[in-house]
Amino acid sequence: MSLFRTARWSRREVLKQSGMLSAFSAVTSISPLAASAQQKRSASRSIAHEGTETDNLFTRIGVRPIVNGRGTFTIISGSRSLPQVKQAMYDASFYFVNLDELMDAVGKELGTLTGAEWGVATTGCEAAIALATVACIAGTNPEKSQALPYIKARDQVIIPKHSRNPYDFGVRMTGAEIVEVDSEEELRSKISERTAMIYILSGPEAEKGPLSIPNICSIAKEKAIPVFVDAAAEEPLVPNIHIQHGASLVGYSGGKCMRGPQSSGMLIGQKDLCRAAYFQAAPHHNYGRAFKCSKEEIMGLLAAVRQWYKRDHSAEQQEWLSWLQHIESRVKELPSVKTEYLQPEDLSNRSPRLRIHWDANALKITGTELVARLDAGTPRILVDSGNGTRPAHMESSITIMPYMMDQGEERIIANAIYEGLTKPGHYEDPVIPAGAPAPVNGRWDVEINYSRGVGEQHFILEQSGGDLTGQQHGELYKAELKGTIHANQLELHSNMAVSGNTIPWTFSGSVEGNTIVGTVNMGEYGDASWKATRV
């Protein structure tokens with residue numbers, strides 16, 4: 001068979017041909033190992049940062065980098081990876097290894113470092129949630145794995161009501177049925193032969209009461225049900241507090257406080273369950289094949305975990321506090337300014353934060369306006385939150401989180417905030433249309449044109465002058481509407497409860513007789529146009 005052919009190769013043929021190519025290369029003048037060694041010798045073994053604030057690999061494609069005073073949010077690319085992580089990922093890129101052998105060696109060391117039986121490198125904590133769920137459903141049984149998500153014996157995951165959150169999508173995406181409980185009695189009654197796992201989101205609510213992590217783990221142990229604790233943003237203390245409480249598995253993000261690769265995560269705990277989670281993931285052709293973790297990410301995560309137990313965390317806290325104190329000193333003498341320090345409530349995002357309060361009547365800029373100004377400025381700066389809108393809510397604030405700042409950035413942020421508060425420019429109160437409110441009470445059929453697809457909803461509105469209330473009936477979910485209408489300009493707001501999450505809706509539109517036309521903003525889910533017709 002020719003090595004050079006036009007027909008598409010199957011993966012089976014690729015494997016066959018790779019063996020032939022290996023044999024062919026063995027008789028050439030330069031062996032693969034010699035070529036690899038030559039490549040390593042010619043390559044620089046250190047990483048050099050290239051680019052400036054205004055000219056770098058991002059600006060050259062039209063993307064504006066950010067000075068991060070907000071935190072480890074995925075939307076702004078998480079954390080700043082450690083130098084040791086960058087070096088490990090760079091060095092790993094020079095070699096080929098067997099991933100099963102690598103993950104076995106790394107799993108053992110992650111267990112040793114964290115005080116668990118074993119560990120697995122994953123592609124983020126969400127992947128750890130999904131893989132833990134599948135491991136508890138199917139173990140290492142290839143037949144059960146191949147039958148997912150349609151055929152499963154243990155097909156339910158129990159989640160306490162206090163732990164419902166957008167990230168439990170990692171459970172739902174496996175096809176498992178969510179069983180929500182709100183009391184110890186309900187938990188005991190709903191554990192059955194169908195229960196594969198109990199999922200708990202770590203946090204202050206999970207540390208107290210009948211549905212605390214220790215109590216849930218105790219009940220689960222009686223029934224031999226695995227417990228997964230989602231500790232994504234937490235510090236991985238040793239001894240591990242969740243394993244001490246009886247958790248079978250604990251998931252962490254590698255790209256938050258550990259400052260590993262942004263797309264990495266860590267699953268630690270019971271050895272057989274950790275190995276089952278990896279069995280279900282890439283490179284194996286099982287349900288979690290999509291969760292491919294590269295050798296670079298695996299070694300980058302391992303480097304981050306190693307460094308976590310070497311870092312001087314007390315010194316880091318002191319340095320972060322000193323940066324906030326510098327920012328505070330820059331603005332605290334301005335009229336109406338007050339400051340406060342917010343301390344973390346638990347192990348998640350454990351860093352002090354600085355909140356700056358002021359009266360926008362005195363300084364002529366609201367918190368939301370200052371946040372927008374910092375975002376639009378050069379350099380571009382993001383802070384944790386901004387409050388205050390004109391003209392009704394002029395008490396304003398912003399919050400600065402130093403967690404992912406670098407030395408010197410405290411001065412950049414301090415100067416930008418000071419300039420915004422002392423040279424705010426001119427802002428007008430929003431124009432309110434004059435005239436009697438258009439009548440909109442009654443039922444409306446609503447068509448929403450998403451960027452892909454069309455949604456059909458209906459509203460039932462009640463009107464009292466310019467105030468609006470009502471119900472939003474979506475295609476699957478419902479919500480309460482509140483809003484206002486001035487002349488023919490309408491605005492409606494709702495928070496639609498969905499499984500573990502909410503969808504925020506802000507409908508703005510113009511009323512013309514029996515028709516309303518406008519735009520809707522759905523927060524992280526983007527914008528769309530909408531049209532309503534009175535029934």
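## Spaces and rings

Strand β2 (residues 118-122) supplies the largest share of the lining of the largest cavity, three residues. Keep in mind that this is a predicted model. Rolling a probe the size of a water molecule over the atoms shows where empty space is left.

Let's stay with that largest cavity. Its volume is about 60 Å³, and a search of the whole structure turns up two cavities of 30 Å³ or more. The residues that line the largest cavity include Met103, Val120, Ala121, Thr122, Leu131, Tyr278 and Phe291. Sorted by class, this lining has nine nonpolar residues, two polar and no charged.

Now for the second largest cavity, with a volume of about 50 Å³. Which helix gives the most to its lining? That's helix α13 (residues 313-331), with four residues. Among the lining residues here are Glu235, Trp308, Arg311, His313, Glu316 and Tyr403. By class, you get four nonpolar, two polar and four charged residues.

Then there are the pockets. For the largest pocket, 48 residues make up the lining, and His49, Phe58, Pro65, Ile66 and Arg80 lie nearest its centre. Helix α13 turns up again: β1 (66-69), α3 (83-92), α13 and α16 (409-422) each supply at least two residues of this lining.

The second largest pocket is lined by 47 residues, and Thr72, Phe73, Thr74, Tyr167 and Lys256 are the closest to its centre. Here α5 (125-138), α7 (169-172) and β19 (501-512) each bring at least two residues to the lining, and α5 gives the most, with three.

| Pocket | Volume | Lining by class |
|---|---|---|
| Largest pocket | about 1800 Å³ | 21 nonpolar, 16 polar, eleven charged residues |
| Second largest pocket | about 1500 Å³ | 19 nonpolar, 17 polar, eleven charged residues |

On to the rings. The structure holds seven aromatic pairs. One of them joins Tyr90 and Phe94, with centres 5.2 Å apart and 90° between the planes, so the pair is edge-to-face, a label for angles over 60 degrees. Are these two residues buried or exposed? Phe94 has a relative accessible area of 12%, so it is buried. Tyr90 comes out at 23%, so it is partly exposed; the cut-off for buried is under 20%.

Another pair, Phe459 and Trp530, is tilted, at 6.0 Å centre to centre and 50° between the planes. This pair links distant parts of the chain: Phe459 is in strand β15 (residues 454-464) and Trp530 in strand β21 (residues 527-534), 71 residues apart. Phe459 is buried, with a relative accessible area of 2%, and Trp530 is buried, with 2%. Ring pairs also tie Phe459, Trp505, Phe507 and Trp530 into a cluster.

Look for the charged end of Arg330 over the ring of Tyr418, 4.1 Å from its centre. The charged end of Lys295 sits over the ring of Phe96, 5.5 Å from the ring centre.

One last stop is Thr399, in strand β13 (residues 393-400). Its relative accessible area is 0%, so Thr399 is buried. What is Thr399 in contact with, leaving aside its neighbours within four places in sequence? Its contacts are Gly69, Leu342, Arg353, Leu354, Arg355, Val383, Asp384 and Ser385.

Conventions. Residues are numbered from 1 along each chain as its sequence is written. This is a predicted model: local features need pLDDT of at least 70, side-chain atom pairs count only at pLDDT 80 or more; totals for chains, interfaces and linings use all residues. Side-chain values use heavy atoms; hydrogens and water are left out. Rings of Phe, Tyr and Trp (its six-membered ring) pair if their centres lie within 6.5 Å; planes under 30 degrees apart count as stacked, over 60 as edge-to-face and the rest as tilted. Buried means under 20% relative accessible area, exposed over 50%, partly exposed in between (1.4 Å probe, protein chains only). A charge sits over a ring if NZ of Lys or CZ of Arg is within 6 Å of the ring centre and within 35 degrees of the ring normal. On a 1 Å grid over the protein atoms alone, a cavity is a set of points where a 1.4 Å probe fits but cannot get out, and a pocket is an open set with protein on both sides within 12 Å along at least five of seven lines; lining residues have an atom within 4 Å of a point. Grid points are joined across faces, edges and corners, and a volume is the space filled by probe spheres set on the points. Ala, Val, Leu, Ile, Met, Phe, Trp, Tyr, Cys and Pro count as nonpolar, Asp, Glu, Lys and Arg as charged, and the others, Gly among them, as polar. Contact means heavy atoms within 4.5 Å.
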